[in-house]
Amino acid sequence: MECWDFKQECMNRESIEQLQLERLQATLHRVYKNVSHYRQTFREIDFMPEDLSSLDDFRRLPHTSRQVLMENYPYGMFAVPLREVVRLHTPALNIDEPVVIGFTANDLDNWAELTARNLSAVGVGKDDVVQISLTFGSVTGPFGVQLGAERIGASVIPMSSGRHSSQVQILRDFRTTTLVSAPTFALRLYRTMMEQEIDPKTLQLRIGIFGAEPWSESIRDDIEEKLHITATDMYGLTEVFGPGVAWECSEKQGLHIPEDHFLAEIIDPDTGEPVPDGQEGELVLTTLTKEAFPLIRYRTGDLTRMLPGDCPCGRSHLRIDRILRRCDNVFVMGGSRIIPEQIGKILNRISGAAPNFQLLVEREEDRDRLDVLVEISNDLFFDQMKKQRRFVEDLHSALSEFLGWEVGVRLVEAGAFDPAQPVVDKRNIR
Ligand SMILES: [Zn+2]
């Protein structure tokens with residue numbers, strides 16, 4: 001068993017809970033003192049941080065939603081002055097959904113430890129060459145992986161995504177052993193290898209760590225068979241670090257959550273109440289060590305369940321099931337979180353009306369595809385072919401610019417889809 005931090009990762013249950021309680025008390029004091037949103041919500045329910053004597057008391061506290069983060073944009077949720085912040089990230093695609101996340105130097109240090117645990121848990125060590133083929137931008141993904149790989153002492157190649165031929169050349173020439181990317185990107189690289197007549201068996205590649213989009217066991221089998229590697233899952237969200245929030249160890253039996261840094265709960269997304277152990281619900285996370293951007297009972301929107309029993313790897317931290325879907329209409333494509341309302345705003349601006357639309361997400365062999373279906377109505381230039389064509393072109397270019405990749409736009413007759421269902425995700429993620 002490869003354990004980066006044996007003491008923390010294999011701590012007994014009683015010690016984990018004691019440590020969580022102590023860190024939670026410190027976190028609640030800090031947010032009460034420094035974050036007016038939390039001070040106000042605690043006062044509303046007549047709760048003082050010193051009232052916390054058990055984890056049960058904690059469940060009295062209200063949840064934090066993404067809406068709260070937007071209402072306190074830009075720095076209202078920060079628990080330290082800006083001069084102590086050394087890094088800023090934003091998970092939002094544009095200023096319509098503004099959220100900014102800060103990190104202190106200690107936050108970055110903890111983040112490096114967490115992603116180092118993730119990489120070690122799948123066998124990455126000092127001698128490895130880690131190619132990071134996630135898009136370097138305002139989201140946290142590749143930065144967290146880079147910190148952890150460097151902490152371990154591996155050699156890092158920060159490649160970003162795209163440029164398939166160059167990626168394959170570097171995989172081969174730099175003798176990359178570990179690929180970190182979206183799973184469909186790995187399949188795209190396989191296709192490039194086939195086009196270039198490069199046999200994956202001749203590469204040094206042995207480990208793949210994949211995230212940034214939902215993926216199934218069948219995609220895992222496909223990647224492992226084609227690339228001759230072991231493929232593992234990682235999970236994170238920018239609001240709560242990014243990578244380093246949960247990961248599979250080499251047993252591939254669920255994702256461990258580092259309980260010394262996070263308190264995880266599963267709730268019923270409709271009632272907000274905890275679900276019985278083992279039942280699916282929404283993942284809620286509380287940060288226990290974050291200095292700049294602590295979050296109390298943050299609703300991730302991601303559906304999962306706690307897995308029972310101990311992991312054969314010996315780590316004592318709890319495991320959650322792989323996350324394949326959400327409890328809202330938000331979906332993840334190519335590492336970006338897409339909110340249907342954002343698409344709706346652009347559509348309304350271009351059309352000058354508010355037509356019904358549906359987002360259709362499909363997975364082609366090695367890439368995901370988004371089509372926006374727009375219902376033609378009397379308002380929307382019914383029977384005016386020239387105007388329709390121009391509208392499709394304008395919408396296509398506005399959406400492609402917004403998302404940073406090509407989006408399909410199709411006009412359809414009324415009744416072609418159910419307007420109450422704004423997103424249809426047909427990706428084979430089970
Ligand atoms: Zn394990």
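Which residues touch the most other members of the largest nonpolar core? In this predicted model, they are Val124, Val130, Ile132, Ala149, Ala186 and Val245, out of 88 residues in that core. A nonpolar core is a set of buried Ala, Val, Leu, Ile, Met, Phe, Trp, Tyr and Cys residues joined through C-beta atoms within 7 Å. Buried means that 20 or more other C-beta atoms, placed from the backbone, lie within 10 Å of the residue's own. Helix H9 (residues 183–195) gives the most to this core, namely six residues; helices are DSSP runs of H or I with at least four residues, strands are runs of E with at least two, and both are numbered from the N terminus. A separate, second core has 16 residues, including Phe331 and Leu347.

Two remarks on the source are in order. Residues are numbered from 1 along each chain as its sequence is written. Because the model is predicted, local features need pLDDT of at least 70 and side-chain atom pairs count only at pLDDT 80 or more, while totals for chains, interfaces and linings use all residues.

I turn now to the domains. Domain 1 covers 1–324 and domain 2 covers 339–425, with bounds from an automatic or database domain assignment. Their C-alpha centres lie 32 Å apart.

Finally, the sheet. Four strands form an open sheet in the order S20-S19-S18-S21, with mixed pairing; two strands pair if DSSP finds at least two bridges between them. Strands S20 (408–412) and S21 (423–425) stand at the edges with a single partner strand each, so one side of each has no neighbour in the sheet. Strand S19 (residues 367–375) runs parallel to S20, joined by five bridges. Leucine 373 has arginine 410 in S20 as its bridge partner.

Note on methods. Buried ≥ 20, exposed ≤ 12 C-beta atoms within 10 Å, placed from the backbone.
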